[in-house]
Amino acid sequence: MYKNYKLIFKLAWLNVWRRKARGVLVVLMIGVSMSVMLGIQGLYDGMTNHMIDSTLRSDSGEISIYAPSHRLHQSLKYHIKDTTSIIQKLSHIEQIKATAQRIKVTGLVSTARKSSMAKLIGIDIAQEKKFGDFEKFIIDGKWNTQENYALIGKKLAKTMKLSVGSRVIFSSQNLEGDLTSISLRIKGIVQTTNPAIDDMALFVSLAKSQEFAGLQAGDSTQIALRIDPKANLVQTKEMITTLLPNEDIYTWLELYPALEQMQEMMKVFNGISFFIVMLVVLIGIMGVMLVSILERLREFGILLAIGQPYRNMRLQVIIEALILGLGGYLMGAILGGAVLYYMKIYGLDLSAFSDGLEEFGMASTIYATIKSAYFSTTLIAIILASLLSVILPIRRLKKLNPIEVIQGD
Amino acid sequence: MVQLKQVHKYFHKDTGKEVHALDNISLDIEDGEFSVITGTSGCGKTTLLNAIGALDRVDSGEILIGTEDITMLDEAQRSTLRLEKIGFVFQAYNLIPVLSVEENIGFIMRLRGFDDKVIAQRVKEVAQILEIDNRLKAMPTQLSGGQQQRVAVARAVAAKPALVLADEPTANLDSKNSEHLMKMMKSLNEIEKTTIVFASHDDYVVELSRRQIILSDGHVVSD
């Protein structure tokens, strides 16, 4: 039997390359369409992942803790007390990799000519660095905790026509309900691609925000947590809820449901492009296999006549389709891998559309994601497409009567 | 070795007319025979050869190869029988274009699972008898018609089948190549005692054969 397999494989291989141009064209067609598909998948996922990543890093983390009713009323009255002790308790949960305590106060930012709604966010830069590499969000200027310095979201700076060195007044109500203002010098501009930050944020030091809001040291309005990516988010939330029964605990999916919907939508887009490419592969291989079998009906008839079992010929046809499919896959994987690698490192520059993209919280340069699942799923799909593509040719072979061929001599 | 008992075969034409292609054929073909089935065009030579070769079914009668009645076999069994017991030579050479001469000759032996060394030795042996041993590495398209038909013969006999059936093997050859091929096949029959049955109306084939079975309208009129 072994020798038969070797012979069948040899016949399949030689027949695939019998018409080299045709074989190469099919392999090219599969390879190029697969690499385009991989590129699209990587970019879609890269775009979504980037949005999720920047949102988690700049704001919610995977899990956020709020005082009860804070999210409903957005009032400083509902704040977390003794944050240090809570963080100490949380440090025993090994799934938690980083924490960031923040104070957020909604108010009005004004210049001599303009005013806009804004959010003063007090942060501890050391915590934020570990939490989300905050300094990478600063696109102009730098962080400075001294004096009344602030960082401003890019979109807010644009709306307010502000740049580094500008001065603004932020006004809001403090804990007691009194109207209070603070004059801030802009020391830097922050771009996170999270619209909640870029459109609204004025970052100041935690101490400054506590002083402004009339809160005590150790008070905060949000504790954001970074969770081990391998950990189960729901289970971790349950653990935290047990530990802190008097606080409100939210996962990022609850805080940003639109991001989850976007993730689902991208999966659908990826599924559609995957289906289209696989259909092209199926039709491509089927067309070539059908023509190739019809051209060689005489040869197959003679082989049947001299005693070649039908199952051998069926296997030969399947191997021929698999050679084409896997050849295309190999080419597509190399080409697509290179495209993905390039776009992972250098990204796809869409700065010409940056204004529009930023409206939707997207970066102007999209970096691709590379997942091994792209390659394994495509491999399985191409094998399936190759197998499906030979159904018609094999049905034709099954009906072949060697006598028809011999009488045609 | 091959026995036909009261074999009948009918063809149903599109016009609705029924043609009696084989009419009560009874024959015995012994081991080592070098026979020809001959007759005018349309007399049933090829139909008879196809029936003996388990390529075509008959409507009644028995065809025994050894002790096995091949009319009772299903398609898979007929395929196995053809592979193991019968060698075919067709009018068109029908070599496998992607395989070399050597691989074409050894093809059936490979299908039957012979050892590589045995195949190599046997291919060389048959190629020498058929005088194509200097073209073993060539591809079929690099050979003349006569050479291609000798490769087809070599392929048919290499696995030492019980019976070789040759349907008009000289029809596409000129007289010189026809004579050459027939002499080679005669040598094979004498050296290896291969049973060879031709279907041919070529005078030279008829003349060289030791037994002539003449058909007319599906009947054996002379044996």
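The following paragraphs describe the fold of chain B and two backbone positions with positive phi, one in chain A and one in chain B.

The structure is a predicted model, in which local features need pLDDT of at least 70 and side-chain atom pairs count only at pLDDT 80 or more, while totals for chains, interfaces and linings use all residues; side-chain values use heavy atoms, with hydrogens and water left out. Residues are numbered from 1 along each chain as its sequence is written, and chains are lettered from A and ligands numbered from 1 in the order in which they are written.

Chain B contains 8 helices and 10 strands (DSSP runs numbered from the N terminus, helices being H or I of at least four residues and strands E of at least two). The radius of gyration of chain B is 17 Å, close to the 17 Å given by the globule rule for 223 residues, so the chain is as compact as a globular protein of that length (the radius is taken over C-alpha atoms, and the rule is 2.2 Å times the number of residues to the power 0.38). Along the principal axes, the C-alpha atoms of chain B fill a box of roughly 50 × 35 × 35 Å. Of the 223 residues of chain B, 56% count as buried (under 20% relative accessible area, with exposed meaning over 50% and partly exposed in between; 1.4 Å probe, protein chains only). Chain B exposes about 9,600 Å², of which carbon and sulfur atoms supply 46% (Shrake-Rupley method with a 1.4 Å probe; for residues, only the protein chains shown count as cover). Among contacts in chain B with a separation of 6 or more, 68% come from residues 24 or more positions apart (contact means heavy atoms within 4.5 Å).

An open, antiparallel sheet of 4 strands in chain B has the order β2-β1-β4-β5 (two strands pair if DSSP finds at least two bridges between them). Its edge strands are β2 and β5 (68-69) of chain B, each of which pairs on one side only. Strands β1 (residues 2-12) and β2 (residues 18-29) of chain B are joined by 8 bridges in the antiparallel sense, and B:Y10 stands opposite B:H20. These two strands form a hairpin with 5 residues between them, and B:G16 in the turn has a positive phi of about 95°. Strand β4 (residues 60-65) of chain B pairs with β5(B) over 2 antiparallel bridges; B:L64 has B:D69 as its bridge partner. Helix α1 (residues 45-52) of chain B lies across β1, β2 and β4 of chain B and runs at about 55° to β2(B) (axes are lines fitted to C-alpha atoms, for helices over the stretch in contact, and angles run from 0 to 180 degrees between N-to-C directions).

A further open sheet in chain B comprises 6 strands in the order β6-β7-β8-β3-β9-β10, with mixed pairing. Strands β6 (86-89) and β10 (219-222) of chain B stand at the edges with a single partner strand each, so one side of each is left without a neighbour in the sheet. Neighbouring strands of this sheet are turned by 25° against each other on average, direction ignored. Strands β3 (residues 34-39) and β8 (residues 195-199) of chain B pair in the parallel sense over 4 bridges, and B:S35 stands opposite B:V197 in β8(B). Helix α2 (residues 75-85) of chain B packs on the sheet, touching β6 and β7 (163-167) of chain B, and its direction makes about 80° with that of β6(B).

Most residues other than glycine have a negative phi. In the loop between β7 and α7 (175-192) of chain B, B:E168 has a positive phi near 45° and is buried, with a relative accessible area of 10%. In chain A, A:K161 has a positive phi near 55°; A:K161 is found in the loop between α6 (154-159) and β6 (167-173) of chain A and counts as exposed at 66% relative accessibility.
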